[in-house]
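Dear colleague,

I am passing on the model for you to look at alongside this message. Please read the notes below with the coordinates open.

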Amino acid sequence: MKILVTGSNGLLGQKLTDLCRQQIDVELIATARGEDRYPEKNKYVYESLDISNHEEIKNVLAKHKPEVVINTAAMTNVDACESDREGCDKLNIEAVNFLVEECNNFKIHLIHISTDFIFDGTHGPVLENEIPNPISYYGLSKLKGEEAVINKCNSWTILRTVLVYGVVSDMSRSNIVLWAKNNLEQGKNIHVVSDQFRTPTLAEDLALGCLLAAQKKSNGIFNISGKNFMSIFDLVYRVAEFWKLDKSLIHISSSEGINQPAKRPPITGFILDKARNELGYEPRSFEAGLKIVDDQLKSLK
Ligand SMILES: NC(=O)c1ccc[n+]([C@@H]2O[C@H](COP(=O)([O-])OP(=O)(O)OC[C@H]3O[C@@H](n4cnc5c(N)ncnc54)[C@H](OP(=O)(O)O)[C@@H]3O)[C@@H](O)[C@H]2O)c1
C-alpha cells in the first residue's frame, strides 16, 4: 500500500514516518513544507509539499498516485490561531478543501486528523457522536475542516485525538510532558491547571491508529487517544513521579489563573470503544508511554 503523509516534519508526521518505514507492505511518501527534517533519509521518498498550494497537491498526487493520504499538517498552535485567523483558515480549512478535491479526483482515501477542541468541554470523556461546539478559533477551524471532509470527500476517515506527547529528534514544538520534565529538572516552579481533563495521547499510539485506519479504510469518525483520563495537574504529577522529580515545585492553578489567549475546553478525553472494536486500536497506559519517551530521550543523548 502506498501512503502519502502530509506534515511529515511534525510530531505525528515523524512518528508515522518511523512506523511506515518498518512496514514491509507500506511504501511511504513523506511530504512537508520545505526541507525534510526526519533524521534517517532512507526507506521512504520525500517530496516538499505545502498543502496551502492547490497546484502542488495536484502535482504530487499525480506523480505518486498513493492509495491513502494521511493529513497531519495543520496550524496546531491554539493561541496563534486565535490571533492569526486568516493563516489558521488557510491551513485548517482551505487546504483541507484542496486535499478533499484532489483525493476525489485521484480516487484516494483521505485520513484527516482532528481534535477534541471541537467540543466545548462541559463533560467527558466523550463519544464520536457528541455535538461539537468549539470555544476557540482553532477548534472552529478544525470543525470546519472536518465538515469539508464529511460533506465532500468520497472516501474518508477522521481520527480525532487529544493532547499528543512524544519525542522527535528535531522538535519544532514542545508538549506538556517534555515541558513539565524540563522545567522540574531545572528546579523551576510551575503552575498547572487542575480544572482541565484529558486522555493524553502518546504520538506512537496515534501513528498506529492512523496505520490501522489506512489498512481498514473505514469510513467515519474515530476517537484515537490515550486511555487514561486525568487532569493536567495529575498528568504533571505523574510525570514528576515517573522521573522522580521535585513535586513541591508543581503549583495548582485554574484556567483563569493561567491567562492564555485562546480558551481551552475544560473537560474532554475520549471513549475509545469504536476504535477498539472496528480498528483494533489499543493504546498504551500513560506510564508505559512515559517509559517510551524516557527510552527515546536516552537514545538521543
Ligand atoms: N498536538 C496535539 O496536542 C494535538 C491534539 C489534538 C489534535 N491534534 C492534531 O493532530 C495533527 C498533528 O499534530 P502534531 O501534534 O503532529 O502537530 P505539529 O507537530 O505542529 O505538526 C504539524 C505540522 O504541519 C506542518 N505544516 C504547517 N503548515 C504546513 C503547510 N502549509 N504544508 C505542509 N505542512 C505544514 C508543520 O510544519 P513546520 O514544522 O514546518 O511548521 C508541522 O510540522 C494536527 O491535525 C493537529 O490539529 C494535535
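Asparagine 175 is buried, at a relative accessible area of 8%, where buried stands for under 20% relative accessible area, exposed for over 50% and partly exposed for what lies in between, computed with a 1.4 Å probe on protein chains only. This is a predicted model, in which local features need pLDDT of at least 70 and side-chain atom pairs count only at pLDDT 80 or more, while totals for chains, interfaces and linings use all residues. Residues are numbered from 1 along each chain as its sequence is written, and side-chain values use heavy atoms, with hydrogens and water left out.

Asparagine 175 sits in the loop between strand 7 (164–165) and helix 6 (176–185); helices (H or I, at least four residues) and strands (E, at least two) are DSSP runs numbered from the N terminus. Setting aside neighbours within four places in sequence, asparagine 175 is in contact (heavy atoms within 4.5 Å) with Leu11, Val164, Tyr165 and Gly166.

Helix 6 is largely enclosed by the rest of the structure, because seven of its 10 residues are buried, among them Ile176, Val177 and Leu178. The cover over the buried residues of helix 6 includes strand 7, strand 8 (190–193), helix 8 (232–242), strand 13 (250–253) and helix 11 (286–300). Just after helix 6, glycine 187 has a positive phi of about 75 degrees. Helix 1 (residues 11–21) is also largely enclosed, since 10 of its 11 residues are buried, including Leu11.

Seven strands form an open sheet in the order 3-2-1-4-5-6-11, with parallel pairing, two strands being paired if DSSP finds at least two bridges between them. Strand 3 (45–48) and strand 11 (220–223) are at the edges with a single partner strand each, so one side of each has no neighbour in the sheet. Neighbouring strands of this sheet are turned by 20 degrees against each other on average, direction ignored; axes are lines fitted to C-alpha atoms, for helices over the stretch in contact, and angles run from 0 to 180 degrees between N-to-C directions.

Strand 1 (residues 2–6) pairs with strand 4 (residues 68–71) in the parallel sense over four bridges, and threonine 6 stands opposite asparagine 71 in strand 4. Helix 2 (residues 54–64) packs on the sheet, where it touches strand 1, strand 2 (27–32), strand 3 and strand 4, and its direction makes about 160 degrees with that of strand 3. Strand 6 and strand 11 run parallel and are joined by four bridges, with glycine 220 as the bridge partner of threonine 157. From strand 11, Gly220 and Phe222 point one way and Ile221 and Asn223 the other, and all are buried.

**Backbone points to check**

Most residues other than glycine have a negative phi, and most peptide bonds are trans. A cis peptide bond joins glycine 124 and proline 125, with omega about -5 degrees, and proline 125 lies in the loop between strand 5 and helix 5. Lysine 43, in the loop between strand 2 and strand 3, has a positive phi near 65 degrees and is exposed at 64% relative accessibility. Lysine 107, in the loop between helix 4 (85–105) and strand 5, has a positive phi of about 55 degrees and is exposed, with a relative accessible area of 75%.

Best regards
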